[in-house]
Amino acid sequence: MKRLTKIVVLGSALLLTAGAASAATASDAPRQREAAALTGTAKLYRSAGDDITFSFDAHLAARDTADPMKATGTFEFSHYLNGKGARALAKVDCLVTGGKVAVVSGVITESDLPGAEGKRVGVTVHDLGRHDRLGYSWASTGSPVETKELPKCVSSAPFEKVLKGTGDFTVVPWQPEL
């Protein structure tokens, strides 16, 4: 009987240990890397003193690697000079990254710029550490309001310089199966 009790106790201990090990393994398992991301905030450099800021929180989940139009998140931008200007918030509808370059697009959901809400805009970021660069889809028109029917994930080359000390963009490169 003592031997049977020892076997039962030993068997229970093994089951508890195995259960705890598998629970620890499941919760301690590394999370799968997201497929792509663009995050961070920076001000653009302008010699005239314009206050131009861009902020991003855009993500493409690992399960959506094959479809960059399933990206989620928001991005915001503002442009003020001498107390006049506007800001806009856009809901992300596409994110494509390659190396340290990201193109994100979204539809403006909130803005104090008349006519901007409902317009799609795109932004390109080149993550160069302390010397990030940025471009935007309305570069040639001068205003997001003037952009006509922009497709998803379209923007301009990152021609703008980020103000020294403000660039903290981070690009997670997209690696789709080709």
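**Strands 7 and 8**

I started with R133 and looked up its bridge partner in strand 8, which is K161. This is a predicted model, so I'm reading it as one. Next I checked how strand 7 (residues 133-136) pairs with strand 8: the sense is antiparallel, over 2 bridges. A reminder to myself: strands of a sheet pair through backbone hydrogen bonds, either parallel or antiparallel.

Then I went for the bigger picture. Where does strand 8 sit in the sheet? I found 9 strands in an open sheet, in the order 8-7-6-5-4-3-2-1-9, with antiparallel pairing. Strand 8 (160-161) is an edge strand, and so is strand 9 (170-172); each of them pairs on one side only.

**The disulfide**

I looked for disulfides and got 1 in the structure. My note on the term: a disulfide is a covalent bond between the sulfur atoms of two cysteines. Here the two cysteines are C94 and C153, with their sulfur atoms 2.1 Å apart. Why does this pair tie together parts that are 59 residues apart in sequence? C94 belongs to strand 4, while C153 is in the loop between strand 7 and strand 8, so the link joins those two parts.

**Two residues with positive phi**

I went through the loops next. N82 is in the loop between strand 3 and strand 4, and its phi is near 55°, a positive value in a residue other than glycine. E149 is in the loop between strand 7 and strand 8, and its phi, near 40°, is again positive in a residue other than glycine. Exposed means over 50% relative accessible area. N82 comes out at 73%, so it counts as exposed, and E149 is exposed with 79%.

**The largest pocket**

Last stop: the largest pocket, with about 340 Å³ of space. Its lining has 20 residues, and those nearest the centre are F77, H79, W138, G142 and P144. Which strands supply at least two residues of the lining each? I listed strand 2 (51-60), strand 3 (72-81) and strand 4 (84-98). Strand 4 gives the most, with 4 residues. I sorted the lining by class as well and wrote down 11 nonpolar, 6 polar and 3 charged residues.

Note on methods:
Residues numbered from 1 in each chain as written. Predicted model: local features only at pLDDT ≥ 70, side-chain atom pairs only at ≥ 80, totals over all residues. Heavy atoms only, no water. 1 Å grid on protein atoms, 1.4 Å probe; cavity = no way out; pocket = protein on both sides within 12 Å on 5 of 7 lines; lining within 4 Å. Points joined across faces, edges and corners; volume = space filled by probe spheres on them. Nonpolar A, V, L, I, M, F, W, Y, C, P; charged D, E, K, R; others polar. Pairing = 2+ DSSP bridges. Disulfide = S-S within 2.5 Å. Buried < 20%, exposed > 50% of the residue type's maximum accessible area, 1.4 Å probe, protein only.
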